[in-house]
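User: I would like to go through this chain and check the terms used for it against their criteria. Please start once the structure is on display.

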Amino acid sequence: MSLFIDHVVITVNDLDKSIKFYTEVLGMELQEFISKPDNIKRKSLKFGNQKINLHENIKPFKPHAKNPTPGSMDICFVSDKSLGEWLNALNKLCVNIEEGPVLKTGANSPIESIYIRDPDNNLIEISNKIKQ
């Protein structure tokens, strides 16, 4: 099959808080772009070959999900950095670990994961592939 995810959209209550979390905690890169065809300046978070577009709850860009709601995202990021390194970094930043490390089933292999929440209470899973 020739499908892959290019980007996802997260609806947020506060752009600045979300940008700070995703750039400072998860290490993503803030990018701004002009949306075609409406010529509106937008913000996204780039990581690897993917990105997350940010929509503000009070004014989501069209088209959008039928019920765009902050806190409804549950997403898993696979990392090359060890979970031990993540735990150390998250503890230094006083980010609460909701669960983990725990064994889970990934899309292509078993994974080990930790769970945190972003400023809108979206569930963020950070995982490592388990070598078989």
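**Pairing, turns and exposure**

Analyst: This is a predicted model. In it, strand E6 (residues 99-105) pairs with strand E7 (residues 110-117) in the antiparallel sense over five bridges.

User: What makes E6 and E7 a pair?

Analyst: Two strands pair if DSSP finds at least two bridges between them. E6 and E7 have five bridges, in the antiparallel sense, therefore they count as a pair. Glu99 stands opposite Tyr115 in E7. The two strands form a hairpin, with four residues between them.

User: How do you know that E7 and E8 pair, and in what sense?

Analyst: The cut-off is at least two bridges. Between E7 and strand E8 (residues 123-129) there are seven bridges, and the sense is antiparallel. Glu112 stands opposite Asn128 in E8. E7 and E8 form a hairpin too, with five residues between them.

User: Why is Asn121 called partly exposed?

Analyst: Buried means under 20% relative accessible area and exposed means over 50%, with partly exposed in between. Asn121 is at 48%, so it falls in the middle class.

User: Which class does Ala65 fall in, and why?

Analyst: Ala65 has a relative accessible area of 51%. The limit for exposed is over 50%, therefore Ala65 is exposed. Ala65 is found in the loop between strand E4 (50-56) and strand E5 (74-78). Its C-alpha atom is separated by 9.5 Å from that of Thr11, and the two residues are 54 apart along the chain.

User: Why does Cys94 count as exposed?

Analyst: Its relative accessibility is 71%. Exposed means over 50%, so Cys94 belongs to that class. Cys94 lies in the loop between helix H2 (83-92) and E6. Its phi is positive, about 60°, although Cys94 is not a glycine.

User: Where is there a cis peptide bond, and what is its omega?

Analyst: The bond from Gly100 to Pro101 is cis, with omega near 5°. Pro101 has its place in strand E6.

**The whole chain**

User: What are the elements of the chain, and in what order do they run?

Analyst: The chain has two helices and eight strands. From the N terminus on, the elements run β-α-β-β-β-β-α-β-β-β.

User: How much of the chain counts as buried, and how much of its accessible surface belongs to carbon and sulfur atoms?

Analyst: Of the 132 residues, 34% count as buried, that is, under 20% relative accessible area. The accessible surface comes to about 8700 Å², and 50% of that belongs to carbon and sulfur atoms.

User: What share of the contacts joins residues at least 24 apart?

Analyst: Among contacts between residues at least 6 apart in sequence, the share is 48%.

User: How far apart are the mean positions of the positive and negative charges?

Analyst: There are 17 positive and 17 negative charges, and their mean positions are 4 Å apart.

Methods:
Residues numbered from 1 in each chain as written. Predicted model: local features only at pLDDT ≥ 70, side-chain atom pairs only at ≥ 80, totals over all residues. Heavy atoms only, no water. Buried < 20%, exposed > 50% of the residue type's maximum accessible area, 1.4 Å probe, protein only. Contact = heavy atoms within 4.5 Å. Areas by Shrake-Rupley, 256 points an atom, 1.4 Å probe, with all protein chains shown as cover. Lys, Arg positive; Asp, Glu negative; His and termini not counted. Charge placed at Lys NZ, Arg CZ, Asp CG, Glu CD.
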